[in-house]
Amino acid sequence: DENGNFVPNNCEYLTESPVTGNTFNWAAFAQDSWSLQPNLTLNYGVRYEEQRLRYAEHLRGTIDPFTDEPLGKNALTLRNMWAPRFGVIYDWTKEGRSKLYASWGRFYESIPMTINDFSFSGDALYGAFWQFSQCTSGNRGQWKDPNLAAPHPANCPERVTQEERPGDGDVYRGGVTLVTPGTKAQYLDEAVVGVQYELLEDLRLGLAYKRRSLGRVIEDVSIDAADTYIVANPGPDGFPEAEEAALEAQIAALDPDDPDRARLEQRLEQFRAVRTFDKPRRVYNALEFTAIKRFSRNFYVQGSYTLSRTEGNYPGLLNEDNGAALPNISTQYDLIELLPNRDGPLPQDRTHYIKFDGYYLWDLREAGEVTAGVRFRAFSGTPIDVLGAHYLYGFNESYLLPRGYFGRTEFVTGTDLHFSYGRKLAYGYDVSAFVDIFNLFNQEQTAAVDEAYTLDNANPIVGGRYEDLVYLKAADLAEGTPTTDPVTRNLNFGNPVARYASQSIRFGLRVTF
């Protein structure tokens, strides 16, 4: 522009976005509890929900220029979200000293508005990437942006002819995203079976089995190398046969020369391709042992040990491998070539988890009371993946080896202390002063390690082993095909990149009334 700032051709910068959109949710539920006998209770209920994710207001009543789709009010309507819940509790001692229980429930996702922003707002993203040879020569500091480690736009052509065009520059996401007909809401099912028994006076032991499993997922996918995207339920059931038949009938009713016919035929193939994606899977299985002991009115301890496994090919709405918080439109399912080697222990998988909490209270009568408490946690580290870059999607998107192949981060322990003094004041007021000590032993334990085996573009070695990495070749930038060049190993691979917080102390004063 006239001030010398770099502005891409045909782009308009706005100081604020004029886009306004919304999602409308409503729900109703009914529940009841039935005591079949004094020691047998049945709890049951059902919840019904609907969600309507809407196009941005300025798009309604228009034709999308990328899809030629007439846009109404609702982009995605989710109905028939029936969520039954059942539970039963039985006390075989009839004295309140035992509990045998079981429950099952279905839980639907309330979709955040990120998908409205990215998929239903009509936004368009333009990428322009220059080769170094097209930019001003000079020393490293002149032609490279120190913040981006890339050519500084001010030193690249402001206008290019067709022969001088950037190395790559295309609209790679534009307009609104198509929704596969028959797309249904995302949900998970939870089942719990457990038993508790007061073995001795004031000593209660428990054992429970818990299972949570994803039933269906909403994600965006692409079947044309990220030129366009489709919101769908990825997997073999992602495009219902009834919806396929309806679209086939619509196409058959059109004249062979009708331009809409070719467009709908192409769309039909896109929707069919949704079935070729692996079905998203995440299953959590756990055995939990608990013990609760009250030694006196002033002395209480409780503890638990959980043996669990969380595995599948889809961690969830947050992609912990790259930190992207893009619920329902993450990169995890964008391209079918991203899916190999993703099945295994997920980032939230911790095999062992130990918890212990306790407190002791000294009653000083008129002088108040003093409380001392302790909190101890110990848990397994998380799985370590072996990742590379993808030629389109960038760093840590290519699973070079099966998920979790490189072991786990270190086992973690932590101890916190709590001390407080409180006393009663006049007129029903209570005052207490307290100090909390977090990470008592000031342990600098690893929270995450660098999982990038290489920063080069590389394709997965499906079902591979660590020994196979020596033969791994870099992929080219154009189509992601392997070259003859070996990848360069990231020397920081496997080293800590994040640690848990060091010791801290918190002082507080609390007044209650």
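Does Y209 count as buried, exposed or partly exposed, and at what relative accessibility? Y209 counts as partly exposed because its relative accessibility is 32%, where buried means under 20% relative accessible area, exposed over 50%, and partly exposed in between (1.4 Å probe, protein chains only).

## Basis of the model

This is a predicted model, in which local features need pLDDT of at least 70 and side-chain atom pairs count only at pLDDT 80 or more, while totals for chains, interfaces and linings use all residues. Residues are numbered from 1 along each chain as its sequence is written, and side-chain values use heavy atoms, with hydrogens and water left out.

## Helix α4

Helix α4 covers residues 259-273 and reaches 22 Å from its first C-alpha to its last, close to the 21 Å expected at 1.5 Å a residue; the expected span is 1.5 Å times one less than the number of residues. Helices (H or I, at least four residues) and strands (E, at least two) are DSSP runs, numbered from the N terminus.

Among the buried residues of α4 are R261, L264, L268 and F271, and what covers the buried residues includes β9 (178-179), β13 (230-232) and α3 (241-252). At the N-terminal end, α4 is capped by D258, which has a side-chain oxygen 2.9 Å from the backbone nitrogen of D260.

## The loop residue S121

S121 lies in the loop between α1 (114-119) and β5 (125-129), and it counts as buried because its relative accessibility is 7%. Its side chain reaches the backbone oxygen of D117 at 2.4 Å. Leaving aside neighbours within four places in sequence, S121 is in contact (heavy atoms within 4.5 Å) with V19, A56, H58, L59 and N116.

How values were computed. A polar contact is a pair of N or O atoms within 3.5 Å; within protein, one must be able to donate a hydrogen and the other to accept it, and residues adjacent in sequence count only if both atoms are side-chain atoms.
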